Amino acid sequence: MEAWRSFKTGDWCNEINVRDFINKNYTAYNGDASFLSGPTERTERVSARLKELLIAENEKGGVLDVDTEKVLSILSHKPGYVIKDDDIIVGLQTDEPLKRGVSPFAGFRNAVQACEAYGYKMSDKIKDEFTYRTTHNTGVFRAYTDTIKKARHAGILTGLPDAYARGRIIGDYRRIALYGMDYLIEQKKLDKKKLGEKDVLDEETIHLLEDLAKQLEFMNQLKIMALDYGFDISRPAENAREAVQWLYFGYLGAIKEQNGAANSIGRIAEFIDCYIQRDMEEGTLDESGAQELIDDLVVKLRLVRHLRTPEYNDLFAGDPVWVTCSLGGVTTDGKSMVSKSSFRFLQTLYNLGPSAEPNLTVLWAQALPQGFKDFCAQVSIDTDSIQYENDDVMRKDYGDDYAIACCVSTMKEGKQMQFFGARCNLAKVLLMALNGGKDEKEGSQIAPEGASFDEKPLDYNEVLEAYKKYLSWMARLYVNTMNIIHYMHDKYAYERLMMSLHDTDVERLMAFGISGMSVAVDSLSAIKYAKVTPVKDERGIITDFKTEGEFPKFGNDDDRVDEIAQWLTEFFYKELCKTPAYRNAKHTLSILTITSNVMYGKKTGATPDGRKAGEAFAPGANPMHGRDCEGALASLNSVAKLSYACCQDGISNTFSITPDALGTDDENRVEHLTTMLDGYFSQDAHHLNVNVLNRQKLIDAMNDPTLYPSLTIRVSGYAVNFNKLTREKQEEVIARTFHTAM
């Protein structure tokens, strides 16, 4: 086959096996960044247009335009371009850049509210179409119990994808380039035929037969969408430009169909590099042209937008879409997977300027080439735009063809999918245990009634027993809530195209999460090592605490409190696993809060650790602001002790350090940062966001946004343009620990 000329053959030639293709055909690169090219004149023109669009969007309050006349779908809009004659990689969600589409399948009322929030009115045509249609949101609230509704309202369960699309599903878009759509469609038809021939068509088989019918419908629609742009993706890609274009068409179709919370693009650099390397060997592409391809793809990814409500933005500030792109890593037999295209994706942060999207994620391994490690560190120091995850830890369970969804979640590409489920507030569960199942803010009985603790010094063992009881109850409620959500999402807002780019026999993961971890841990530490006396109000509800004496705080490499953190996460995970998950999904857990740590704090009363009512939580697995006072390494060591085995959905750690703490010049800073990353990840730590900047720079940017219009920072599993955060969230970021010494 002409499309596969010169490629080394293998199992991938006879079955859908992208991993085998990559492992046999990518070219490992062990050098430094000196080969990279800057932007071409064409790239500079497109980049200038991109900046104009982003400025205009910002001036209009964050939304440039909304098409309220039609429902966004794969074939809803005519082809759109940034600059038609200059676009190398083509395709937009609608017919114009940054024009947002309406996607009411997850929640019709949400879509109406999102339009109105930005001064638009949804057309009567769409309203009439959805009058008799059941959406995901409607189905969920039909099935929710009163207790689930109470827990949701109180903020014990928060950020649930019950009013918006779930996201966190990574289609294997590489399959389109390697095999072409006709072959993929043929394989899905065969799978459907085999299922239909089973002797017993049980409930799960019938469910899957319908899934496959939906998938096939949208696979054919994707071919039509590509033809509208003048491309025939029924066949495999024949060169690097087509490989990137075919892959991007798959991603574009997916995000036109679904406005999920996070739609990652996967692990694509080494796949693309196979085609780039072949074109270079054939003399049809040079380094400048290769970089230009990647630059133009990234321009399109920076234009991805979904229409969201203000309430959604309260949860996930900065208008993120989490186009997470995974780079680097090592094969299962120890060979570096870094190619020149791994460098090229990072180079876009120089050629196009820093940006929150795509969410560039480096899979860090001890065996990565030093040249790549050094370049990553330099990019972090210069742009604060990338995050790191521990490939040596993840590879043991997920092999060498996994990718990161959203922020820190791992999935085997095309082999696994995820049912995403936001957060359970563990600090609030502790307060509920102290109040006998009542909410400390409204006083309502949410959990089963228990004894409320008296206004006398708390006994640690008694508190722990009560906490265990309510954690167990909470875990059951959480799993049952998630089961309802994902049953309804499959029924009313199924991701037809994304799921078509998975194996039919896909493994499902149920992704639970916790917030307030360090607050709960420090509170337990205070009860154990200091003297904590509850204070009740006139209702008899504990609303405050008198804490006397010192106690160890999480983030200072002190086993007395760090072991409480280990116990808490492991205990809650095991309790979650006791309740079966929808479609036999495997339970996973994350410690991650995005920027919603501010909102979670607002929902939570005063806690025994001295935190005041309404005060923001620390993000993710971070120590509370300012409490990690023993230096950067001690803070990292505490987080590194948390077990990835029970937190396979991710342990998010957002780390800020001043440039001077890393050294006096760039060379020293690069060396010290790479050494720090090696040391941190050698302890089996999972994740690290890296910000290298001074607090004063953020203060200046907050007070005068024109000083740093493109300032990008890592916040909690993702990056944002600092100026897109509300002032409240900016102030919370500024209040975090900035390490001034190692």
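**Overall build, cores and buried strands**

The chain contains 27 helices and 19 strands. Its radius of gyration comes out at 25 Å, close to the 27 Å that the globule rule gives for 742 residues, so the chain is as compact as a globular protein of that length. Keep in mind that this is a predicted model. Along the principal axes, the C-alpha atoms fill a box of roughly 80 × 65 × 50 Å. Of the 742 residues, 65% count as buried.

On to the inside. The largest nonpolar core has 190 residues, and those with the most contacts inside it are Phe271, Ile272, Phe345, Tyr467 and Phe572. Helix 18 (residues 460-492) gives this core its largest share, 17 residues. There is also a second, separate core of 36 residues, which includes Ile594, Met599, Ala701 and Phe722.

Phe271 is worth a look of its own. Leaving aside neighbours within four places in sequence, Phe271 is in contact with Val18, Phe21, Ile22, Arg174, Ala177, Leu178 and Leu247. Some of these names come back in helix 1 (residues 18-25), where the buried residues are Val18, Asp20, Phe21, Ile22 and Asn25. The cover over those buried residues includes helix 7 (174-179) and helix 11 (269-282).

Gly650 counts as buried because its relative accessible area is 0%. Not counting residues up to four places away in sequence, Gly650 touches Val408, Leu589, Ser590, Ile591 and His686. The C-alpha atoms of Gly650 and Thr588 are separated by 8.7 Å, although these residues are 62 residues apart along the chain.

Next comes strand 16 (residues 654-657), with Thr654 and Ser656 pointing one way and Phe655 and Ile657 the other way. In a regular strand, side chains alternate between the two faces of the sheet. Here, both sets are buried: Thr654 and Ser656, as well as Phe655 and Ile657. Strand 16 pairs with strand 17 (residues 687-692) in the parallel sense, over 4 bridges. Which residue of strand 17 is the bridge partner of Ser656? That partner is Asn691.

Conventions: Residues numbered from 1 in each chain as written. Predicted model: local features only at pLDDT ≥ 70, side-chain atom pairs only at ≥ 80, totals over all residues. Heavy atoms only, no water. Buried < 20%, exposed > 50% of the residue type's maximum accessible area, 1.4 Å probe, protein only. Helix = DSSP H or I, 4+ residues; strand = E, 2+ residues; numbered from the N terminus. Pairing = 2+ DSSP bridges. Core = buried A, V, L, I, M, F, W, Y, C linked by side-chain atoms within 4.5 Å. Contact = heavy atoms within 4.5 Å. Rg over C-alpha atoms; globule rule 2.2 N^0.38 Å.
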